[in-house]
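Biologist: I'm new to this one. Please put it on screen, and I'll start asking.

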Amino acid sequence: MHDAKSCKYGSWPKTAARPPHSKNMKTILIVDDEPAARYGLRRALEAKYRVAEADSAEAAREALTRERPDLVLLDVVLPGQSGIEFLRWMREQGSEIPVLMVSALDTAKTAVEALQLGAADYLVKGFELEELRQRVTNLLKLAMLEKENDSLRRRLTTEGQFGPMIGRTPDMRRTFEMAERVAATDSTVLILGESGTGKDLLAQEIHARSARTGKPFVAVNCAALPETLIESELFGYERGAFTGAAQQKKGKFELASGGTLFLDEIGDMNPVTQAKVLRALENRTIERLGGTQSIPVDVRVISATHHNLPAKIRDGKFREDLLYRLRVVTLELPPLRAHKEDIAVLADAFLQMHGARLGRTARLTREASAALERYDWPGNVRELKNALERSLVLCHGNEIDVTDLPEEVARGEALVQKASGDGHDHGLSEKDFREAKRKFEVAYLTKQLADHRWNVSRTAATIGLHRQSLQEKLRELGIRRPGQELAEEQ
């Protein structure tokens with residue numbers, strides 16, 4: 001027998017003892033069908049890490065469960081399933097273990113494909129052992145930092161913070177926790193809430209916490225675009241498609257490819273465009289206006305609306321099949337008047353933010369804080385943010401008093417009463433008493449349910465009805481929770 005083993009990575013005495021393993025040692029799984037290559041990699045790493053080996057993708061699948069590695073060193077060329085195919089399988093299974101690809105071939109195509117599939121790094125065989133050790137160390141440090149960041153984000157979420165959004169009431173925490181879970185998936189999300197509740201911020205944070213972070217986040221306000229322009233904005237157009245189309249233009253679906261497309265106020269989209277959006281979601285392809293070529297698009301769609309979409313479906317203004325496509329997961333942001341307990345913490349955060357930008361600080365007097373909590377905030381969190389910026393600019397000294405607040409806030413009465421989501425006047429203009437009464441009941445009960453997060457029992461207790469009586473009334477009037485079937489108490 002020889003007293004040394006040689007391979008392309010160097011030579012080591014065959015009789016050298018392996019270091020004892022510590023419970024705190026990180027585990028590296030080496031997947032390579034060449035025994036000499038595995039030997040070389042093991043000897044390069046085993047002084048600092050616990051090392052496990054597999055000679056095929058099939059063996060590696062078992063080792064992932066058995067060894068629970070912190071990092072995988074994966075050869076590109078394997079018998080049976082290739083390293084690239086195994087990497088794709090890992091990511092499809094939801095595994096986030098960092099993978100360092102190793103290949104004997106220095107081809108850019110293979111490297112790019114591996115990185116696109118989620119490999120953390122790529123090495124070409126013939127590398128120096130010190131370079132390997134440094135790459136492994138860096139990847140493990142990065143993975144540890146990402147775990148710490150994930151842990152911190154989850155803790156902040158349960159404590160009532162989701163990125164820039166704050167809400168410590170149970171309902172807001174539940175929304176944040178659900179958003180945290182759905183962010184890790186590629187599911188289509190529908191966000192419901194009145195204007196100013198932060199639907200756009202929620203969509204951006206879901207994108208930031210998804211696997212698509214770093215890719216485009218493209219927002220389209222469907223209510224702000226004329227019907228004649230929204231199609232060309234979403235799908236683009238070919239040169240000569242219409243008068244003024246002097247050159248080809250890519251639409252938002254193409255621009256968002258690989259990332260997230262946020263369709264804000266989708267309830268205002270016209271029926272023709274709705275049909276094209278539905279086809280795009282179903283087929284994952286679009287056609288530019290004036291074009292005949294199907295263009296594949298890889299986008300995650302998040303949409304938002306303040307409208308009652310089931311009501312718009314009944315009125316023939318929204319497609320039911322599109323709603324089902326959009327609301328795979330539904331998130332609701334309650335109006336600020338429904339979680340006034342959060343006003344104090346929101347106010348502190350906004351004053352710090354505005355103060356840092358404006359170069360001054362001020363705190364609310366007790367009377368000003370009380371006025372903020374009395375007011376119903378029809379413009380929701382956006383209105384609160386703007387009111388506090390105005391008050392900080394205009395106040396004297398380092399205190400904001402009631403007199404520094406906007407007049408409607410200090411008085412406790414909104415300048416403009418909040419209009420209903422469907423644009424009706426609650427029956428006040430109706431000449432027929434029965435129809436006026438029906439419209440008022442619909443508006444009144446919808447508001448009360450929204451203020452109580454559609455909890456039937458709490459709403460019934462507040463308005464003085466038995467729960468069963470309220471349920472019968474809701475069925476009679478056809479009132480359903482926006483975006484889904486009427487919620488029963490959990």
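Biologist: Where does the largest share of the lining of the largest pocket come from?

Modeller: From helix 5, which supplies 11 residues of that lining. A helix here is a DSSP run of H or I with at least four residues, and a strand is a run of E with at least two, both numbered from the N terminus. A pocket is an open set of points on a 1 Å grid over the protein atoms alone, where a 1.4 Å probe fits, with protein on both sides within 12 Å along at least five of seven lines. Lining residues have an atom within 4 Å of a point.

Biologist: Before we go on, what kind of model is this?

Modeller: This is a predicted model, with residues numbered from 1 along each chain as its sequence is written. Local features need pLDDT of at least 70 and side-chain atom pairs 80 or more, totals for chains, interfaces and linings use all residues, and side-chain values use heavy atoms, with hydrogens and water left out.

Biologist: Back to the pocket. Which helices each supply at least two residues of the lining?

Modeller: Helix 3 (83-92), helix 4 (108-116), helix 5 (129-158) and helix 6 (170-183).

Biologist: How many residues line the largest pocket, and which lie nearest its centre?

Modeller: The lining has 46 residues. Arg-91, Ser-95, Glu-96, Glu-146 and Ala-211 lie nearest the centre.

Biologist: How do the lining residues divide into nonpolar, polar and charged?

Modeller: There are 17 nonpolar, 10 polar and 19 charged. Ala, Val, Leu, Ile, Met, Phe, Trp, Tyr, Cys and Pro count as nonpolar, Asp, Glu, Lys and Arg as charged, and the others, Gly among them, as polar.

Biologist: New topic. How many salt bridges does the structure hold?

Modeller: It holds 30. A salt bridge is a side-chain nitrogen of Lys or Arg within 4 Å of a carboxyl oxygen of Asp or Glu. Side chains of opposite charge can pair when their charged atoms come close.

Biologist: Start with helix 6. What does Asp-171 meet there?

Modeller: The side chain of Asp-171 meets that of Arg-174 in a salt bridge, at 2.2 Å, N to O. The two are three residues apart in helix 6, so about one helical turn separates them.

Biologist: Is Asp-171 buried or exposed?

Modeller: Buried, because its relative accessible area is 16%. Buried means under 20%, exposed over 50%, and partly exposed in between, with a 1.4 Å probe and protein chains only.

Biologist: What does Lys-252 meet in a salt bridge?

Modeller: Glu-233, at 3.8 Å, N to O. That pair links distant parts of the chain, 19 residues apart. Lys-252 sits in helix 9 (residues 252-255), and Glu-233 in helix 8 (residues 227-235). Lys-252 is partly exposed, at 22% relative accessible area.

Biologist: And what is the partner of Glu-389?

Modeller: Arg-357, in a salt bridge of 2.6 Å, N to O. Glu-389 lies in helix 15 (residues 380-394) and Arg-357 in helix 13, so the pair ties together parts that are 32 residues apart in sequence. Glu-389 is partly exposed, with a relative accessible area of 25%. Arg-357 is exposed, at 53%.

Biologist: Which residues are linked in a network of salt bridges?

Modeller: Arg-38, Arg-42, Arg-43, Glu-46 and Glu-53.

Biologist: Stay with helix 15. How far apart are Asn-380 and Gly-196?

Modeller: They are 184 residues apart in sequence, but 5.1 Å apart in space, C-alpha to C-alpha. Asn-380 lies in helix 15. Its relative accessibility is 0%, so it counts as buried.

Biologist: What about Lys-312 and Gly-267, how far apart are they?

Modeller: They are 45 residues apart in sequence and 8.0 Å apart in space, C-alpha to C-alpha. Lys-312 is found in helix 11 (residues 309-314). At 16% relative accessibility, Lys-312 counts as buried.

Biologist: Now backbone angles. What is phi of Trp-377?

Modeller: Near 50 degrees, a positive value in a residue other than glycine. Trp-377 lies in the loop between helix 14 (366-374) and helix 15. Trp-377 is buried, with 0% relative accessible area.
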